[in-house]
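Please examine the sequence and the three-dimensional model shown here before reading the report.

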Amino acid sequence: MKKTVLTAIVLFAAAFAAAQTGQPDAEYNLIRRSYRTNSDGSMDIRFRKEIVLLRNRAITAYADKGETFITYNPDFESLTINECYTVRPDGTQVTTPENAFVLQLPSECVDCGRLNGLREMAIVHTALEYNCTIVLDYTLHRNATLLAERFNLSQDCPVKRYEVRYADGHSDAYNNLPQTINDPYMPARNAYDIEFQLGEKPVYTAEQSLPAAAELLSSIAKPEGKEYVAAIRDWVVDYVTLNPVDPARVNYAMTPAADVFSSNCGTAIDKTGLLAALLNQAGFRATIIDNSLNVFLDRPLSVEVIIDGLPYRLSATAKTPILTERQQADAAAVAAAPIYVDRTLTWQPDTIVENYVRILLPTEEGGLHIDPECLTSTRATNLQARATTEFYHYTMDLPKGAKLIGGDINIEYTRTVGSISIIVKQKGRRLLVTRSLRLRKALITPADYSDFRQLMIDWNGHRQLFFSL
């Protein structure tokens, strides 16, 4: 096996070291991953977990506590359960019964006949009482090299010790990891990412023809090149089932395009190969591009196709705009640019009760949208937002007799995290609204959180204006 390249990224940010509130559902005493390469080119991956169940939610709310699912490919992988038992609080050990091990077809392969040789071992753990400890230790033997591995150390309950033992003999241990927080505005958890590479990434070559698809291509042909490419891409996205199986389970192979086309099913790699073959069959010039800088194949491949002399890149799994690299850069720049909106609104009120109505100011596309109801009064971890500058000016003609309830609104202030201005005025039969927001930071620290939360409360408030008639 080629020399191991280790790129473990473990930068423990203070944002993730917050003390937990309340009792967790469970706690891992130990998680261990071990990788070993053998002289015959095969590989053994061993996994061990010891988890203490503290509340019944550990079983009823999360399947990953009460059950374990292990997917493998019997064509070149074998699974061995080394240990599986439950330790009761008094120290007695209860072995998991044989009927708790169920071999089944992975759910993602149910509609994908070509991959119905894969197997999933479902293990139903024995949870006898509070404070019992579930122990599972298994080995996955591969008659092929695992090219890469990526995982996140953090779990949805605390981890006392997480050990990683690499194939080159190196090992790392991480202690007292806090549980992840279910939070819609949580920053990416890359502070706990582990990545390492064990072999060279494969090179994928596009097939130059796919005669079996000639009739299909004729039926969806479009007069303009870009529209035709989009129609072919849309067919692959809509009608070829995406199987999300780990590329390691198919040994990183790309299935021949004819097989993917006939089965209407494939992995992201397979769908990319099919899209390239279809485009080449249709008369375009398409190649497969690896967008990643390493071997992690869940980072998408894409297809580059020449249209009217220009190279465009597109995905085989999503209907994203078909743009050149320059257009993609320009679109990103536009998305990051300040927002300025100046327009006239039409009087279209909702009736509240007789002689009282409500006007709802628009929520503009591209603006920062953070629901203040999701922001707790205090926070001990960072919050992921987005730096932004937004300015909106609206005017509206009011009917005779309409009067803004509560009078004019004038909110203006500046804090370290940003500034806000909301001005609403009625001048006779004309309504004038000016709203501006500047958020200087994308990552909100606990020190800035209180100011940020008030900023979002004020920014999302005063969108409803009430009038008497």
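The report below treats aromatic pairs, charges over rings, a cavity and backbone angles.

The model is predicted: local features need pLDDT of at least 70, side-chain atom pairs count only at pLDDT 80 or more, and totals for chains, interfaces and linings use all residues. Residues are numbered from 1 along each chain as its sequence is written, and side-chain values use heavy atoms, with hydrogens and water left out.

**Aromatic rings**

The structure holds eleven aromatic pairs. Rings of Phe, Tyr and Trp (its six-membered ring) pair if their centres lie within 6.5 Å; planes under 30 degrees apart count as stacked, over 60 as edge-to-face and the rest as tilted. Two of these pairs are listed in the table.

| Pair | Centre distance | Plane angle | Class |
|---|---|---|---|
| Tyr35 and Phe196 | 4.8 Å | 75° | edge-to-face |
| Tyr228 and Phe284 | 5.8 Å | 65° | edge-to-face |

Tyr35 belongs to strand 2 (residues 26-37) and Phe196 to strand 13 (residues 193-197), so this pair links distant parts of the chain, 161 residues apart; helices (H or I, at least four residues) and strands (E, at least two) are DSSP runs, numbered from the N terminus. Tyr35 and Phe196 are both buried, a term for under 20% relative accessible area, whereas exposed means over 50% and partly exposed in between (1.4 Å probe, protein chains only). Ring pairs also join Tyr35, Tyr166 and Phe196 into a cluster.

Tyr228 lies in helix 4 (residues 225-239), and Phe284 in the loop between helix 6 (268-281) and strand 16 (285-290). Tyr228 is buried at 11% relative accessibility, and Phe284 is buried at 16%.

**Charges over rings**

A charge sits over a ring if NZ of Lys or CZ of Arg is within 6 Å of the ring centre and within 35 degrees of the ring normal. Arg33 lies over the face of Phe151, at 3.9 Å from the ring centre. Arg463 lies over the face of Trp459, at 5.8 Å from the ring centre.

**The cavity**

There is one cavity of 30 Å³ or more; a cavity is a set of points on a 1 Å grid over the protein atoms alone where a 1.4 Å probe fits but cannot get out, and lining residues have an atom within 4 Å of a point. Trp459 and Arg463 are among the residues that line the largest cavity. Strand 23 (residues 388-397) gives the most to this lining, with three residues.

**Backbone angles**

Asn131 has a positive phi of about 70° although it is not a glycine, and Asn131 is partly exposed at 44% relative accessible area.

Conventions
1 Å grid on protein atoms, 1.4 Å probe; cavity = no way out; pocket = protein on both sides within 12 Å on 5 of 7 lines; lining within 4 Å. Points joined across faces, edges and corners; volume = space filled by probe spheres on them.
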